[in-house]
Amino acid sequence: MAETVFSKIIRKEIPAEIVYEDEEVIAFKDIRPQAPVHVLVVPKEPIETIADATEAQAELLGKLLVRTAEVARQLGIAESGYRLVINHGRDAGQEVLHLHIHLLGGRPFGWPPG
Ligand code: 5GP
């Protein structure tokens with residue numbers, strides 16, 4: 001897998017506003033926030049895209065979701081609500097090839113997303 005900016009953030013080689021970290025997962029504020037709360041929740045293990053995740057990584061993916069909900073609680077948006085997004089491929093415009101969940105909150109979001 002190619003080196004990404006997220007690997008550098010995980011290794012603390014470049015700065016980021018980290019809001020949560022444990023052995024397997026890191027969460028930091030998006031540099032171009034699209035909502036009052038916009039955090040990227042990232043597995044430290046480098047998986048390029050959701051389509052590259054294997055059965056052996058199913059437990060890690062489950063933890064990623066559970067920890068995302070925990071981060072949302074810590075950031076105080078669990079009650080008002082939030083949106084989770086995983087972009088994949090050209091039509092979704094995935095920019096960074098290291099799997100991540102966008103945690104967006106602090107304002108209402110329309111549906112369908114448009
Ligand atoms: P994607 O389009 O891949 O789902 O989203 C990548 C996200 O990473 C974008 O929302 C972008 O603003 C964010 N991002 C890109 N480079 C950096 C960076 O160096 N630091 C932080 N904190 N976020 C970044």
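Me: Is Phe 28 buried or exposed?
Reply: Phe 28 counts as buried, because its relative accessibility is 2%. Buried means under 20% relative accessible area, exposed over 50%, and partly exposed in between, with a 1.4 Å probe and protein chains only. This is a predicted model, where local features need pLDDT of at least 70, side-chain atom pairs count only at pLDDT 80 or more, and totals for chains, interfaces and linings use all residues. Residues are numbered from 1 along each chain as its sequence is written, and side-chain values use heavy atoms, leaving out hydrogens and water.

Me: OK, and how many aromatic pairs are there?
Reply: The structure holds 1. Phe 6 and Phe 28 have ring centres 5.3 Å apart and planes at 75 degrees, so they are edge-to-face. The rule for Phe, Tyr and Trp (its six-membered ring) is centres within 6.5 Å, with planes under 30 degrees apart stacked, over 60 edge-to-face and the rest tilted.

Me: Which elements do those two sit in?
Reply: Phe 6 is in helix α1 (residues 5-10) and Phe 28 in strand β2 (residues 25-29), so the pair ties together parts 22 residues apart in sequence. Helices (H or I, at least four residues) and strands (E, at least two) are DSSP runs, numbered from the N terminus.

Me: And what's the relative accessibility of Phe 6?
Reply: Phe 6 has 6%, so Phe 6 counts as buried too.

Me: Switching topic, what's the element order?
Reply: From the N terminus, α-β-β-β-α-β-α-β, which comes to 3 helices and 5 strands.

Me: How much of the chain is buried?
Reply: 36% of the 114 residues.
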